[in-house]
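Here's a quick briefing on charged side-chain pairs. Have a look at the model first, then go through the notes below.

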Amino acid sequence: MLNIIMCGAPGCGKGTQSDLIVEKYSLTHLSTGDLLRKEIAMKTDLGIIADSYISKGELVPDEMIIDILLKYVENQHDDSNGIILDGFPRTVAQAEALEVMLKKLDKEISLLVDLKVTENELIDRLIIRGKTSGRSDDNIETIKKRLDVYHKLTEPVNDFYKNKNQYTPIDGMGTIEEIFGRISGVIDSKKA
Ligand code: AP5
Ligand code: MG
């Protein structure tokens with residue numbers, strides 16, 4: 001089993017690279033952001049609550065997202081080679097909850113990929129995407145808030161995985177193909 005956490009700041013390429021990894025290694029892609037956006041599009045009660053946080057650039061409450069993930073993982077019965085968690089865990093409390101969840105399922109994280117991208121490049125990518133994405137959080141004010149929240153609440157998650165020797169920083173600058181080559185190299189070395 002290959003269970004990968006994709007993390008890094010907003011716009012670092014988690015979704016883009018997850019799609020490529022999923023295809024190459026036959027994994028299941030779970031993006032908590034995409035899940036929440038689906039709920040918003042369907043105007044469910046959950047979506048309405050989630051939107052009030054997302055559009056401000058804040059994280060949705062831990063209990064809510066942990067509950068969503070639990071339900072997803074419990075109902076996940078497929079024959080993929082593992083899972084990519086994209087955008088989860090985003091707080092230390094989420095990382096701790098994930099540990100408990102995985103232990104129960106007798107599974108473990110193979111590695112955490114942290115895509116390192118400069119702040120200017122992150123902002124450029126998200127502003128460009130904002131022109132067509134329709135995402136309520138792709139505007140300069142909310143992007144800055146998302147970056148603040150990332151530094152305050154999500155970066156500390158890296159230390160949690162450094163202590164377990166699962167933390168792998170990867171240069172997230174360059175072309176999509178170059179970055180994918182770096183990530184594949186690390187995954188292949190883990191599998192070997
Ligand atoms: P989420 O959807 O996870 O958004 P994010 O972390 O802000 O990251 P993005 O999806 O914007 O960027 P990405 O890293 O996936 O990059 P992408 O590949 O798209 O979360 C959104 C919100 O949901 C959160 O703010 C929070 O409110 C809530 N949420 C989600 N999970 C949560 C959790 N666990 N707990 C609490 N709340 C949660 O790339 C970005 C752009 O750059 C794209 O246009 C892409 O085409 C382009 N691009 C990619 N790679 C390159 C490259 N190498 N060169 C040039 N352009 C590139
Ligand atoms: Mg994404």
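**Salt bridges in the predicted model**

Arg-135 and Asp-137 pair up through their side chains in a salt bridge, with N to O at 3.0 Å. The term here means a side-chain nitrogen of Lys or Arg within 4 Å of a carboxyl oxygen of Asp or Glu. By that rule, the count is 11 salt bridges.

This is a predicted model, where local features need pLDDT of at least 70 and side-chain atom pairs count only at pLDDT 80 or more, while totals for chains, interfaces and linings use all residues. Residues are numbered from 1 along each chain as its sequence is written, and side-chain values use heavy atoms, with hydrogens and water left out.

**Around Asp-137**

- Asp-137 also forms a salt bridge with Arg-146, and their closest N and O atoms sit 3.6 Å apart.
- Asp-137 is buried at 6% relative accessibility, where buried means under 20% relative accessible area, exposed over 50% and partly exposed in between (1.4 Å probe, protein chains only).
- Arg-146 is buried too, like Asp-137, whereas Arg-135 comes out as partly exposed at 22%.
- A network of salt bridges ties together Arg-129, Arg-135, Asp-137, Asp-138 and Arg-146.

**The Glu-99 and Lys-164 pair**

- Glu-99 and Lys-164 make a side-chain salt bridge, 2.9 Å from N to O.
- This pair links distant parts of the chain, 65 residues apart: Glu-99 is in helix 5 (residues 92-104), and Lys-164 is in the loop between helix 7 (140-162) and strand 5 (167-171).
- Helices (H or I, at least four residues) and strands (E, at least two) are DSSP runs, numbered from the N terminus.
- Glu-99 is partly exposed, at 23% relative accessible area, and Lys-164 is partly exposed at 34%.

Methods. Chains lettered and ligands numbered in written order.
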